[in-house]
Amino acid sequence: ADADGFRNWQEYVGDTDPWNDASYPRILGVSNGPNWIVSFSGSAVRAYGVYYATGLPAATWMPLRTNIWGSNAVLSFADTNKVSRRFYRMGVTVP
């Protein structure tokens, strides 16, 4: 409904607002310090997973972390594998 590229049902699953084009499930940032840090906003009533691939298009997305419960705050997780490049995506489920 808000033309942000997500269908209304996807926004309901993500517990985001389908009438607000700035509200949709997404990774907020990835930083590279000693480890890659993946950050995203999480709803307290949803479970999340963070997945990675070593190249695109990805033949397989591997789980970095799954069954993460949101907390209505920004969640951050470290990928401690020392690699020069990774691609990340998040998944959200309704428990």
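Which residue's backbone nitrogen lies 2.9 Å from a polar atom of the side chain of Ser23? Asp17 is the residue in question, and we'll come back to that pair once the ground rules are set.

## Ground rules

What you're looking at is a predicted model: local features need pLDDT of at least 70, side-chain atom pairs count only at pLDDT 80 or more, and totals for chains, interfaces and linings use all residues. Residues are numbered from 1 along each chain as its sequence is written, and side-chain values use heavy atoms, with hydrogens and water left out.

Helices (H or I, at least four residues) and strands (E, at least two) are DSSP runs, numbered from the N terminus.

## Around Ser23

Ser23 sits in the loop between helix H1 (8-13) and strand E1 (27-32). With a relative accessible area of 17%, Ser23 is buried; that word means under 20%, while exposed means over 50% and partly exposed is in between (1.4 Å probe, protein chains only).

Now back to that 2.9 Å pair of Asp17 and Ser23. If we leave aside neighbours within four places in sequence, Ser23 is in contact with Asp2, Asp4, Glu11, Thr16 and Asp17, where contact means heavy atoms within 4.5 Å.

The loop between H1 and E1 also holds Asp15. Asp15 isn't a glycine, yet it has a positive phi of about 55 degrees. Its relative accessibility is 37%, so Asp15 counts as partly exposed.

## How the strands pair up

Two strands pair if DSSP finds at least two bridges between them. E1 and E2 make a hairpin with 3 residues between them; they run antiparallel and are joined by 5 bridges. Ser31, for instance, has Ile37 as its bridge partner in E2. On to the next pairing: E2 and E5 are antiparallel too, over 7 bridges, and Ile37 is partnered there with Ala78 in E5. E2 is largely enclosed by the rest of the structure, because 5 of its 7 residues are buried.

Elsewhere, 3 strands form an open sheet with antiparallel pairing, in the order E4-E3-E6. Strand E4 (62-69) and E6 stand at the edges with a single partner strand each, so one side of each has no neighbour in the sheet. From one strand to the next, the twist averages 20 degrees (axes are lines fitted to C-alpha atoms, for helices over the stretch in contact, and angles run from 0 to 180 degrees between N-to-C directions). E3 and E6 are joined by 7 bridges, and Ala53 has Phe87 as its partner in E6.

## The nonpolar core

A nonpolar core is a set of buried Ala, Val, Leu, Ile, Met, Phe, Trp, Tyr and Cys residues joined through side-chain atoms within 4.5 Å. The largest one here has 11 residues, among them Trp36, Phe40, Tyr48, Ile68, Phe77 and Met90. Strand E2 (36-42), strand E3 (47-53), strand E5 (73-79) and strand E6 (87-93) are the elements that give two or more residues to this core.

Take Phe40 as a way in. Ala73, found in strand E5, is partly exposed at 34% relative accessible area. The C-alpha atoms of Ala73 and Phe40 are separated by 8.4 Å, though these residues are 33 apart along the chain.

## Two loop details

Which residues does a cis peptide bond join? They are Leu56 and Pro57, with omega about 0 degrees; Pro57 lies in the loop between E3 and E4.

Asn72 is in the loop between E4 and E5. Its phi is positive, near 55 degrees, in a residue other than glycine, and Asn72 is exposed at 61% relative accessible area.

Methods
A polar contact is a pair of N or O atoms within 3.5 Å; within protein, one must be able to donate a hydrogen and the other to accept it, and residues adjacent in sequence count only if both atoms are side-chain atoms.
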